[in-house]
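User: I've got a structure to look over. Can we start with a pocket and then move on to the fold?

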Amino acid sequence: MSTETGVPLRRRSNSLNGYHSNGVAFDGTVPLMESNIVKKTDDGYANGGGKASFMTWTARDAIYVARVHWIPCVFAVGVLFFMGVEYTLQMIPARSEPFDVGFVATRSLNRVLANSPGLNTVLAALNTVFVGMQTTYIVWTWLMEGRPRATISACFMFTCRGILGYSTQLPLPQEFLGSGVDFPVGNVSFFLFYSGHVAGSMIASLDMRRMQRLRLAMLFDILNVLQSIRLLGTRGHYTIDLAVGVGAGILFDSFAGKYEEMMSKRHNLGNGFSLISKDSLVN
């Protein structure tokens, strides 16, 4: 008799009495996806002899999903909402400035900084100091602590940023407020997409959390938010640059972790090469 393992997003039945167990495991936990449910498929839908999955749903199942799995339900509503937005939104004319909701929200800050060049310079200098803090921490974890993950992640992230930033070069906003002490120092050109400032801070913060440096991670997160507001206020980045910067930090940190695992497994197989070692990135 063939079997198949399914992972339904539904209430599950108690195998002892056939009634719903409210999705609560015997250890008291509520799993996101009820798993390890073995179904017979001899007469199931997979072989064309049973009901489709949705035909077995009940009102109680719908209530359970809405109550327990409310996060994906919210995003499902978001999908429907933005489908409507996409089909009704008027596109920005080709010769117009891009619309950015972050720019709208920081109009007053942009006016203040435009009328106070000294304040803009101070904030730019503080931003450069924060970038230096990120860089110092990321390099420190490798050179002093022998943990290369954050450094590898930053290398992945900035290389990808360079490729994407060069591939699609976004126009510098007309209200851009530059400063000679801002990073990159010297008021030189830079890639807008995506924000290396934000991504680098995320990489450092994630490493701090892995090492249980929670207060330092919280400090970096707060500074990252303030940095993002300043970047919007000076028109140094579009909102999408900052949002993708957060995702890029998380993504490349994950890639670096998988790379470490791969190299560690390769070393354990005895091929004679070790990247993750006491002298990481040196051997």
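Analyst: Fine. This is a predicted model. The second largest pocket is lined by Leu89, Gln90, Met91, Ile92, Pro98, Phe99, Asp100, Leu170, Pro171, Tyr238 and Ile240.

User: What volume does the second largest pocket have?

Analyst: Its volume is about 380 Å³.

User: And how does the lining divide into nonpolar, polar and charged?

Analyst: Nine of the lining residues are nonpolar, one is polar and one is charged.

User: OK, the fold. How many helices and strands?

Analyst: The protein chain has nine helices and two strands. Counting from the N terminus, the order is β-β-α-α-α-α-α-α-α-α-α.

User: Where does UniProt put the feature "transmembrane region"?

Analyst: The unreviewed UniProt entry gives residues 64–85, 122–143, 150–168 and 188–207.

User: What is the secondary structure over residues 64–85?

Analyst: That span is 95% helix and 0% strand, with 29 Å between its end C-alpha atoms.

User: And residues 122–143?

Analyst: Residues 122–143 are 100% helix and 0% strand, and the end C-alpha atoms are 31 Å apart.

User: What about contacts, how much comes from residues 24 or more positions apart?

Analyst: Among contacts with a separation of 6 or more, such pairs make up 74%.

Terms used: Residues are numbered from 1 along each chain as its sequence is written. This is a predicted model: local features need pLDDT of at least 70, side-chain atom pairs count only at pLDDT 80 or more; totals for chains, interfaces and linings use all residues. Side-chain values use heavy atoms; hydrogens and water are left out. On a 1 Å grid over the protein atoms alone, a cavity is a set of points where a 1.4 Å probe fits but cannot get out, and a pocket is an open set with protein on both sides within 12 Å along at least five of seven lines; lining residues have an atom within 4 Å of a point. Grid points are joined across faces, edges and corners, and a volume is the space filled by probe spheres set on the points. Ala, Val, Leu, Ile, Met, Phe, Trp, Tyr, Cys and Pro count as nonpolar, Asp, Glu, Lys and Arg as charged, and the others, Gly among them, as polar. UniProt positions are given in the numbering used here, feature names are shortened, and annotations may be inferred rather than shown by experiment. Helices (H or I, at least four residues) and strands (E, at least two) are DSSP runs, numbered from the N terminus. Contact means heavy atoms within 4.5 Å.
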